[in-house]
Amino acid sequence: MIVYYHCKSGQRNEFMQALKDANISALCKSEKGCAQYDYFLSDKDEDTVLLMEKWDKETDQQEHLKTKNFEVLSKIKNQFIESVEIERFLV
């Protein structure tokens, strides 16, 4: 999956800091079936963050949505994110 987080204007650095403070990437990487969970900054849009997310099974990704990690992430997103786009790829 590629997730495009469109931050509220000028909030990208604050969003990234909140993710770092909550240790979101490392916690999600420790979940069952997580093969990749990495954030990248867009060089085209200063308010966009990309998340490359890969799971061994679709069911692992669905379980991720029920975790405390995702709950914390959702709270952070509510504070800093204006909109989200998701591209899904099945391998």
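Author: The radius of gyration is taken over C-alpha atoms, and the globule rule is 2.2 Å times the number of residues to the power 0.38. This is a predicted model, in which local features need pLDDT of at least 70 and side-chain atom pairs count only at pLDDT 80 or more, while totals for chains, interfaces and linings use all residues. Residues are numbered from 1 along each chain as its sequence is written, and side-chain values use heavy atoms, with hydrogens and water left out.

Reader: What radius of gyration does the chain have?

Author: The C-alpha trace spans about 35 × 25 × 15 Å along its principal axes. For 91 residues, a compact globule would have a radius of gyration near 12 Å, and the value for the chain agrees with this, at 13 Å.

Reader: Which pattern does the chain follow along the sequence?

Author: The chain holds 4 helices and 4 strands, where helices (H or I, at least four residues) and strands (E, at least two) are DSSP runs numbered from the N terminus. Read along the sequence, these elements follow the pattern β-α-α-β-β-α-α-β.

Reader: Of the contacts in the chain with a separation of 6 or more, what percentage is accounted for by residues 24 or more positions apart?

Author: A contact means heavy atoms within 4.5 Å. Ala22, in the loop between α1 and α2, is in contact with Leu27, Val72 and Ile76 when its neighbours within four places in sequence are left aside. Over the chain, among contacts with a separation of 6 or more, the share of residues 24 or more positions apart is 68%.

Reader: Is Asn69 buried or exposed?

Author: Asn69 belongs to helix α4 (residues 68–80), and, not counting residues up to four places away in sequence, it touches Ile24, Leu27, Cys28 and Glu31. Buried means under 20% relative accessible area, exposed over 50%, and partly exposed in between (1.4 Å probe, protein chains only). Because its relative accessible area is 15%, Asn69 counts as buried.

Reader: Which residue has a side chain joined to that of Asn69 by a polar contact of 2.8 Å?

Author: A polar contact is a pair of N or O atoms within 3.5 Å; within protein, one must be able to donate a hydrogen and the other to accept it, and residues adjacent in sequence count only if both atoms are side-chain atoms. The side chain of Asn69 reaches the backbone oxygen of Leu27 at 3.5 Å. At 2.8 Å, the side-chain partner of Asn69 is Glu31.

Reader: Near what value is the phi of Asn23?

Author: Most residues other than glycine have a negative phi. Asn23 lies in the loop between α1 (12–21) and α2 (24–29) and is partly exposed, with a relative accessible area of 41%. The phi of Asn23 is positive although the residue is not glycine, and its value is near 60 degrees.

Reader: Which residue has the backbone nitrogen that the side chain of Ser42 reaches?

Author: Ser42 is placed in the loop between β2 (34–41) and β3 (48–55), and it counts as buried because its relative accessibility is 17%. Apart from residues up to four places away in sequence, Ser42 touches Arg12 and Thr48. The backbone nitrogen that the Ser42 side chain reaches, at 3.1 Å, is that of Asp45.
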